[in-house]
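Here are my notes on the model you sent over, point by point. Have the structure open while you read.

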Amino acid sequence: MIWTEETPADEGPIGVAGWLRAVLRGVPLAIWVFGMLAVHMLVRLIERPICGHHRPVTPWITVTVCRGALRIIGLKHQVSGPQMQGEGAMVANHVSWLDIFVLNSVEPLYFVSKAEVAGWPGIGLLAKATGTLFIRRDRREAKRQQAELEERLHARHRLLFFPEGTSTDGIRVLPFKTTLFAAFMTDELRDEMQVQPISVLYHPPDGGDSRFYGWWGEMEFGENLIKILSAPRHGRVEVRRHDPIAVATHPNRKALARLAEETVRGGLRRAGLLAGSDDEG
């Protein structure tokens, strides 16, 4: 599903200065990300046969890479709220491809993503190397995917997924799809699992469109990347972690998803970022 209900603002031509900024940011960014990816893969060659699913070293390489990438881009970030303890997963609103760098910069985690992402140029390689769990919307694979999900959770992996199923303009939260929440309701996980809602809050550059960092609809990745790299100045992004929700306290996946959705939306509301039409969900 692709969300297309809003029309992007016309940013106008980039200009010579903008292209220069894009080059001065883009070249170091590519060298940093893909250079460190090579380091990550070399370390994983040693880590995997010794530790298997447990990754004591490579996730911290990912955290370092993403913090460095945000610094190169010029996007300031901050984190608030409690860090989850024990077994659990995270859910967040989805705004942009930047979410990958923003959320990975906070702590070691692993995304749950649709299988198509594995084939995307550049991003697919990064996703596979960093341990993303790919999910296919195919009932024939549901049992296997459930088993892999449970295995990863028991290995203390922090799995994070975007229940909206698509990215938006950053000033609304779409209804959460409840399918993946069912994985937490099994007898093997229910009593010990918790889900932590996270609000990703993008604040635009001074005087900029509140949807500046959104990436949605038919926007091309390349064009959006150039827009971000060429910006004369950047705003900031906040990762607001909310109190974890105990799965066992909810009767079914729909109730669990509803509370998580309301909590994430509430984060946007309190930050003054929520669009008026979305204020009631």
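1. Start with valine 63, which sits in helix α2 (helices, H or I, of at least four residues and strands, E, of at least two are DSSP runs, numbered from the N terminus). Valine 63 is buried, at a relative accessible area of 2%; buried means under 20%, exposed over 50% and partly exposed in between, with a 1.4 Å probe and protein chains only. Setting aside neighbours within four places in sequence, valine 63 has contacts with Asn104, Ser105, Glu107 and Pro108, where contact means heavy atoms within 4.5 Å. Serine 105 is 42 residues away along the chain, yet its C-alpha is 4.7 Å from that of valine 63.

2. A word on what you're looking at. This is a predicted model, so local features need pLDDT of at least 70 and side-chain atom pairs count only at pLDDT 80 or more, while totals for chains, interfaces and linings use all residues. Residues are numbered from 1 along each chain as its sequence is written, and side-chain values use heavy atoms, with hydrogens and water left out.

3. Glu107, one of the contacts of valine 63, also forms a salt bridge with arginine 241, with the closest N and O atoms 2.9 Å apart. The rule here is a side-chain nitrogen of Lys or Arg within 4 Å of a carboxyl oxygen of Asp or Glu, and by that rule the count comes to eight salt bridges. Glutamate 107 is in the loop between α3 and β3 (110-114) and arginine 241 is in strand β7, so the pair ties together parts 134 residues apart in sequence. Both glutamate 107 and arginine 241 are buried.

4. Two other salt bridges sit within single helices. Glutamate 148 and arginine 144 are both in α5 (residues 142-154), four residues apart, about one turn of the helix, and their closest N and O atoms are 3.4 Å apart. Glutamate 148 is partly exposed at 24% relative accessible area, and arginine 144 is partly exposed too, at 45%. In α7 (residues 253-270), arginine 265 and glutamate 261 are likewise four residues apart, about one turn, with closest N and O atoms 3.0 Å apart. Here arginine 265 counts as buried at 4% relative accessibility, and glutamate 261 counts as buried at 12%.

5. How many of the six residues of β7 are buried? Five of them are, so the strand is largely enclosed by the rest of the structure. β7 pairs with β1 (residues 76-80) in the parallel sense over five bridges, and serine 80 stands opposite arginine 240. β6 and β7 run antiparallel, joined by six bridges; valine 200 has valine 239 in β7 as its bridge partner. Pairing here requires at least two DSSP bridges between two strands.

6. Now the largest nonpolar core. It has 35 residues, and those with the most contacts inside it are Leu75, Leu98, Leu103, Leu160, Ile198 and Tyr202. Such a core is a set of buried Ala, Val, Leu, Ile, Met, Phe, Trp, Tyr and Cys residues joined through side-chain atoms within 4.5 Å. Elements supplying at least two residues each include α1 (15-51), α2 (58-73), β6 (194-203) and β7 (236-241). The largest share, six residues, comes from α2. Not counting residues up to four places away in sequence, tyrosine 202 touches partners including Leu75, Leu98, Tyr213, Val237 and Leu273.

7. Leucine 189 is in the loop between β5 (159-161) and β6. Leucine 189 is buried, with a relative accessible area of 0%. Beyond its neighbours within four places in sequence, leucine 189 has contacts with Glu150, Leu153, His154, Ala183 and Phe184. Leucine 153 is 36 residues from leucine 189 in sequence, with 8.8 Å between the two C-alpha atoms.

8. Finally, the outside. Isoleucine 50, in helix α1, is exposed, with a relative accessible area of 66%.
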